[in-house]
Amino acid sequence: MTALIVIAAILLFFAILLFSPIVLRIYYTGGELQEACVRYFFVKIDFSPKALAKRAEKKAKHAVKDEFKKQKKHEPAEAEPKKEKRALEDTIKTVWSMVKACKQGLDTLRNHIIFYKVKSTVLVGGDDAHKIALNYPRYCVLASSIIDVIALLFVLKTPKIHIEPSFLLEKTQVDISFRMRIAPWFVLVAAVQIGVNIIKVLNKNKRKRKKVKGGKRHEPATSSK
């Protein structure tokens, strides 16, 4: 009984890990990216400009320390022998077959990527009222096109888009925020689908090459009279 409870607890733990969403949060305002992070449970990866700048400073400090520690000379690496180039047609066919093999997994992935809490406020400003009047419909068309593309490729919850002309602002002000989530289970399923299909394509290509080589070996010799 105790063993069953332990097994059930382990399975429940992995189920929670696989079905808990990975969330991407983006917030852009005032011409700067204020927030950009990925959250999964209690793990947060921040890749906003401020966080990246701090990491770059730390790396620079560590690099200066490492320069004093490393004084060994690196031996020149031996040049690798040049590999034989495949025919251009075979390379194109292989690449195209790889792309086809990835299609099923990518479809699974994109069908379970959910965009939600999509909010955007655009205040179209400028020095000239005529330019504002011209730019306003352009921003409307651009926003509508972006929303249509996202809705076509992914799952999109109801977005809130607000665009209006503002004759008091010297520059156009754009505020964008959205969240995106996907369960790791679907990422795993997509990865397996892509891997299996690629292996099938590689095995198929190997068989074709063997047939071509075998045909060349067993060609009948012409007798000269």
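Student: Which residue in strand 7 stands opposite Tyr28?
Tutor: This is a predicted model, in which local features need pLDDT of at least 70 and side-chain atom pairs count only at pLDDT 80 or more, while totals for chains, interfaces and linings use all residues. Residues are numbered from 1 along each chain as its sequence is written, and side-chain values use heavy atoms, with hydrogens and water left out. Strands are DSSP runs of E with at least two residues, and helices are runs of H or I with at least four, numbered from the N terminus. In strand 7, the residue opposite Tyr28 is Ile176.

Student: How many bridges join strand 1 to strand 7?
Tutor: Two strands pair if DSSP finds at least two bridges between them. Strand 1 covers residues 22-29 and runs antiparallel to strand 7. Ile26 has Phe178 as its bridge partner in strand 7. The number of bridges joining strand 1 to strand 7 is seven.

Student: Which residue of strand 2 is the bridge partner of Ile26?
Tutor: Strand 2 spans residues 32-40 and pairs with strand 1 in the antiparallel sense over seven bridges. The partner of Ile26 in strand 2 is Ala36.

Student: What is the phi of Gly30 in the turn between strand 1 and strand 2?
Tutor: Strand 1 and strand 2 form a hairpin with two residues between them. Gly30 lies in that turn, and its phi is positive, at about 60 degrees.

Student: In strand 7, which residue stands opposite Ile114?
Tutor: Strand 4 is joined to strand 7 by eight bridges, and the two run antiparallel. Opposite Ile114 stands Arg181.

Student: Which element gives the most to the lining of the second largest pocket?
Tutor: A pocket is an open set of points on a 1 Å grid where a 1.4 Å probe fits, with protein on both sides within 12 Å along at least five of seven lines; lining residues have an atom within 4 Å of a point. Strand 4 (114-124), helix 4 (129-153), strand 6 (160-165) and strand 7 (173-182) each give two or more residues to this lining. The most, six residues, comes from helix 4.

Student: How many nonpolar residues does the lining of the second largest pocket have?
Tutor: The lining has 17 residues, with Ser120, Ala143, Ile146, Ile161 and Ile176 nearest the centre of the pocket. Ala, Val, Leu, Ile, Met, Phe, Trp, Tyr, Cys and Pro count as nonpolar, Asp, Glu, Lys and Arg as charged, and the others, Gly among them, as polar. By class, one lining residue is polar, one is charged, and the nonpolar residues number 15.
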